Amino acid sequence: MKKFLVALTAVFMITGITVAQADTLLINSAFEKPEENRPTRGQSMDKVSSVFGEPLAITGPVGDPPITTWDYEEFSVYFEYDKVLHSVMQRYKAEEENEE
């Protein structure tokens with residue numbers, strides 16, 4: 001009986017490792033676009049608006065520190081105070097570009 005329990009435990013451990021590997025989060029980098037086409041970290045709101053124009057929509061500021069989001073047709077820009085934290089492509093635009 002002890003050998004059976006050891007074997008059963010080994011099977012569960014192997015199965016558990018396989019399940020853990022199957023649950024690995026994959027990040028789809030296909031939706032990344034070079035930052036040369038969107039604002040880069042550290043740019044000011046004034047610089048972004050002078051280079052890319054006025055945003056289609058503005059959300060925020062929300063929280064502490066205040067985070068503001070500017071939405072453009074092809075990307076969104078996230079600011080902390082008046083500096084760019086990150087800019088990301090709009091998913092639907094990235095999908096369209098990948099289909100071409």
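Across the protein chain of this predicted model, the pLDDT averages 77, and 65% of the residues score at least 70. Over residues 18-27 the pLDDT falls below 50, and this stretch has zero contacts in the model beyond near neighbours in sequence. Among the elements of the chain, strand β2 (residues 67-71) has the highest mean pLDDT, at 96, whereas helix α3 (residues 91-99) has the lowest, at 56.

**Backbone geometry**

- Gly60 and Pro61 are joined by a cis peptide bond with an omega of about 10°, and Pro61 belongs to strand β1, which covers residues 57-62.
- A cis peptide bond also links Asp64 to Pro65, here with an omega of about 5°, and Pro65 is found in the loop that runs between β1 and β2.
- Tyr81, although it is not a glycine, has a positive phi of about 55°; this residue sits in the loop between β3 (75-80) and β4 (83-89).

**Aromatic residues**

- A search of the whole structure gives four aromatic pairs.
- One aromatic cluster is formed by Phe52, Tyr72 and Phe75.

**Nonpolar surface**

- Met1, Phe4 and Leu5 together make a nonpolar surface patch of about 380 Å².
- Within this patch, Leu5 is placed in helix α1, which covers residues 2-22.
- Leu5 counts as partly exposed because its relative accessibility is 44%, a value that falls between the 20% limit for buried and the 50% limit for exposed residues.

Conventions
Residues are numbered from 1 along each chain as its sequence is written. This is a predicted model: local features need pLDDT of at least 70, side-chain atom pairs count only at pLDDT 80 or more; totals for chains, interfaces and linings use all residues. Side-chain values use heavy atoms; hydrogens and water are left out. pLDDT is the predictor's confidence in each residue, from 0 to 100. Helices (H or I, at least four residues) and strands (E, at least two) are DSSP runs, numbered from the N terminus. Contact means heavy atoms within 4.5 Å. Rings of Phe, Tyr and Trp (its six-membered ring) pair if their centres lie within 6.5 Å; planes under 30 degrees apart count as stacked, over 60 as edge-to-face and the rest as tilted. Patches are made of residues with over 30% relative accessible area and no salt bridge: like charges are joined within 9 Å, nonpolar side chains (Val, Leu, Ile, Met, Phe, Trp, Tyr) within 5 Å. Accessible areas come from the Shrake-Rupley method with a 1.4 Å probe; for residues, only the protein chains shown count as cover. A salt bridge is a side-chain nitrogen of Lys or Arg within 4 Å of a carboxyl oxygen of Asp or Glu. Buried means under 20% relative accessible area, exposed over 50%, partly exposed in between (1.4 Å probe, protein chains only).
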